[in-house]
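Me: I would like to learn how to read the features of a structure like this one. Could you walk me through it?

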Amino acid sequence: PETVWLSWDTAIEPGAVIEPNVVFGPGVDVESLATVRAFSHLEGCRVRAGAVVGPFARLRPGADIGPEAHIGNFVEVKNVTVGAGAKANHLA
């Protein structure tokens, strides 16, 4: 817990998994059963149930990651809706 940085309005539902060294900027919602892997940076986005983000991913404002979707390592997205079950793997 001491390596996760939260914004004043970060919303994380029960059952979500947050790994070490994650930074939450303002306006982030993480739904239940979602996983945010280590060293990811999120701001102004929504991570839906069962989605996996990271490690080393960056979700910028306007990103909406759908249920069971996967944002891989070193992927950066902004102003995008990633559909249910879609994958954006390494360096996309």
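Reply: Gladly! Let us begin with Arg 46, which is partly exposed at a relative accessible area of 29%; buried means under 20%, exposed over 50% and partly exposed in between, with a 1.4 Å probe and protein chains only. This is a predicted model, where local features need pLDDT of at least 70 and side-chain atom pairs count only at pLDDT 80 or more, while totals for chains, interfaces and linings use all residues. Residues are numbered from 1 along each chain as its sequence is written, and side-chain values use heavy atoms, leaving out hydrogens and water.

Me: How do I read a salt bridge, and which residue does Arg 46 meet in one?

Reply: Side chains of opposite charge can pair when their charged atoms come close. The cut-off used here is a side-chain nitrogen of Lys or Arg within 4 Å of a carboxyl oxygen of Asp or Glu. Arg 46 meets Asp 29 in such a bridge, at 3.2 Å from N to O. Strands here are DSSP runs (E) of at least two residues.

Me: What else surrounds Asp 29, leaving aside its neighbours within four places in sequence?

Reply: Contact means heavy atoms within 4.5 Å. By that rule Asp 29 is in contact with Ala 11, Cys 45 and Val 47 as well as Arg 46. Its C-alpha also lies 6.0 Å from that of Ile 12, which is 17 residues away in sequence. Asp 29 is partly exposed, with 27% relative accessibility.

Me: How many salt bridges does the structure hold?

Reply: There are six. One of them joins Asp 64 and Arg 48, whose closest N and O atoms are 2.9 Å apart. That pair also links distant parts of the chain: Asp 64 sits in strand E10 (residues 64-65) and Arg 48 in the loop between E7 and E8, 16 residues apart. Asp 64 is buried at 19%, whereas Arg 48 is partly exposed at 25%. Another bridge joins Glu 76 and Arg 60, with 3.3 Å between the closest N and O atoms. Here, too, the partners are 16 residues apart, Glu 76 in strand E12 and Arg 60 in the loop between E9 and E10. Glu 76 has 44% relative accessibility and counts as partly exposed, as does Arg 60 at 28%.

Me: Which residues are linked in a network of salt bridges?

Reply: The network contains Asp 29, Glu 31, Arg 46, Arg 48 and Asp 64.

Me: Let us turn to the rings. How many aromatic pairs are there?

Reply: Rings of Phe, Tyr and Trp (its six-membered ring) pair if their centres lie within 6.5 Å; planes under 30 degrees apart count as stacked, over 60 as edge-to-face and the rest as tilted. This rule gives two pairs. Phe 39 and Phe 56 are stacked, 5.0 Å from centre to centre with 5° between the planes. Phe 39 lies in the loop between strands E5 (35-36) and E6 (41-42) and Phe 56 in the loop between E8 (52-53) and E9 (58-59), so the pair ties together parts 17 residues apart in sequence. Phe 56 and Phe 74 have ring centres 5.0 Å apart and planes at 10°, so that pair is stacked as well. Together, Phe 39, Phe 56 and Phe 74 form one aromatic cluster.

Key
Helix = DSSP H or I, 4+ residues; strand = E, 2+ residues; numbered from the N terminus.
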